[in-house]
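This briefing sets out selected features of one structure for computational work. Please read the points below alongside the sequence and the coordinates.

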Amino acid sequence: MAESALKKDAQTVYRGPERRKQPITVTTLSPRESQTLEVLGREKTIKMFRQMYLIRNFEQRCEQAYQQRKIGGFLHLYVGQEGVGVGMLGAIASDDYVVTSYRDHGIALALGISPNALMAELFGKVTGVSRGKGGSMHFYSKEKNLLGGHGIVGGQIPIGLGAAFTAKYRQQGQVSLVFFGDGAMQQGSFHEAANMASLWNLPAIFVVENNQYGMGTSVQRASSVTDMTLKAQGYNMEGVQVDGMNMLECYAVMKEAVDSRRKNPRPLLIEAKTYRYRGHSISDPATYRRKDEVENYQRVDPIKQIRDLMIEMKWSNEEDLKEVEKDARREISEAVAFADESPEPDISERDRHVFSD
Ligand SMILES: Cc1ncc(C[n+]2csc(CCOP(=O)(O)OP(=O)(O)O)c2C)c(N)n1
Ligand SMILES: [Mg+2]
């Protein structure tokens, strides 16, 4: 059956099937975008722009440091997906739970974890978020309720479900955000967790960051349907699609989701249509896709869209935004210096934190 026919009977709330082909401008702002800008206001919007820029710069410096052999092991960059992390995490409360995959740098930074501690983690230094023992795929923060970056595809989903159970049990209105990729959605772990979340009315917000590829395999070749919200239907769960290149929409969809679920816990699936500009990991030259495909997404780059909009709305100007960018670059340079200068873990660290200490 065609996907559109399946959709007809869907219990899903559907917000426009495809990402915008054109960047946001003042004259083409949708009512939701205008409203979101009003809610966020100038200061917070510029702050979120800075956060996206900070993530991009962090990732670029990671690439450099990897080439200089200061970082080893795996490295999966978030470049292109910044609108999802910053938009969605900008809408949650500090005591909500968050869990994600190995593509975790952007999520950790968007949560406000210090770039120093993240860069140090990548450099294998004891000052890192996981004391240098986790590396790129294993960022954690007890303080920010980040329950990890996880290397097993889909492995984080049942953990996020557990956090949603905790949230409901405690009755303090928390929610659990569970980020995973389009590849991970095909794993049994998603389907088991979705079923239980629905049956038990848990406040789990499943966010599939559909960046169109799982390693070198396009989503069309890996998923029975390409509209991921259809998969929510089998679990009597609401499903929403959002343009992941649009930070304002990502904020709006998450804000609405968390506001409605704090009092009445129910799961939700959000499919963020996004794109990764780089290969799957640092060692992937991404020869399986065409250059113009990447360029099409770069035309609606999440950072550039907000930057241009700020200028067009006269909420800022070229000069001031350059200062914002310079300041973010300074912060990342300091993080690199901090990581460089930090000590490696002492040999006595070897047996610590293996279990629960
Ligand atoms: C259980 C498991 N199977 C396979 C792998 C190898 N692997 C690592 S990443 C990946 C692709 C996942 O793609 P997706 O979920 O779309 O996330 P993205 O990398 O696009 O963020 C695969 C197959 C793994 N780490 N774990
Ligand atoms: Mg993917």
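Asp308 belongs to helix α12, which spans residues 302-312. The model discussed here is predicted. Asp308 counts as partly exposed because its C-beta atom has 16 C-beta neighbours inside 10 Å, whereas a buried residue would need 20 or more. Between Asp308 and Val39 the C-alpha to C-alpha distance is 19 Å, with 269 residues separating the two in sequence.

**The open sheet**

- Five strands make up an open sheet with parallel pairing, and their order is β1-β2-β3-β7-β6.
- At the edges stand β1 (97-99) and β6, each of which pairs on one side only.
- From one strand to the next, the twist averages 20°.
- Helix α6, formed by residues 156-170, lies across β1, β2 (176-181) and β3. The angle between α6 and β2 is about 170°.

- Strand β7 covers residues 268-273. Is this strand mostly covered or mostly exposed? Strand β7 is mostly covered, as six of its six residues are buried.
- In a regular strand, side chains alternate between the two faces of the sheet.
- Leu268, Ile270 and Ala272 lie on one side of β7 and are all buried.
- Strand β3 (residues 204-210) runs parallel to β7 and is joined to it by six bridges. One pairing between residues places Val207 with Ile270 of β7 as its bridge partner.
- Strand β6 (residues 238-243) also pairs with β7 in the parallel sense, over six bridges. From β6 the chain passes through helix α10 (residues 247-263) to β7, and this β-α-β crossover is right-handed.
- Gly239 has Leu269 of β7 as its bridge partner, Val242 has Ala272 of β7, and Asp243 stands opposite Lys273 in β7.
- Strand β6 is itself mostly covered, with five of its six residues buried.

**Helix α5**

- Helix α5 takes in residues 115-122, and eight of its eight residues are buried, which leaves the helix mostly covered.
- The buried residues are Pro115, Asn116, Ala117, Leu118, Met119, Ala120, Glu121 and Leu122.
- Which helices do the buried residues of α5 pack against? These residues pack against α2 (31-67), α4 (105-110) and α13 (318-341).
- Just after α5, the backbone at Gly124 adopts a positive phi of about 70°.

**Surroundings of ligand 1**

- How many residues surround ligand 1? The ligand is surrounded by 14 residues, and the closest are Val153, Gly181, Gly183, Ala184 and Gly214.
- By residue class, the shell around ligand 1 holds five nonpolar, seven polar and two charged residues.

Key. Residues are numbered from 1 along each chain as its sequence is written. Chains are lettered from A and ligands numbered from 1 in the order in which they are written. This is a predicted model: local features need pLDDT of at least 70, side-chain atom pairs count only at pLDDT 80 or more; totals for chains, interfaces and linings use all residues. A residue is near a molecule or strand if its C-beta atom, placed from the backbone, lies within 6 Å of it. Ala, Val, Leu, Ile, Met, Phe, Trp, Tyr, Cys and Pro count as nonpolar, Asp, Glu, Lys and Arg as charged, and the others, Gly among them, as polar. A residue is buried if 20 or more other C-beta atoms lie within 10 Å of its own, exposed if 12 or fewer, and partly exposed in between; C-beta atoms are placed from the backbone. Helices (H or I, at least four residues) and strands (E, at least two) are DSSP runs, numbered from the N terminus. Two strands pair if DSSP finds at least two bridges between them. A crossover is right-handed if, with the strands pointing away from the viewer, the path from the first strand over the helix to the second runs clockwise. Axes are lines fitted to C-alpha atoms, for helices over the stretch in contact, and angles run from 0 to 180 degrees between N-to-C directions. Two residues are in contact if their C-beta atoms, placed from the backbone, lie within 7 Å.
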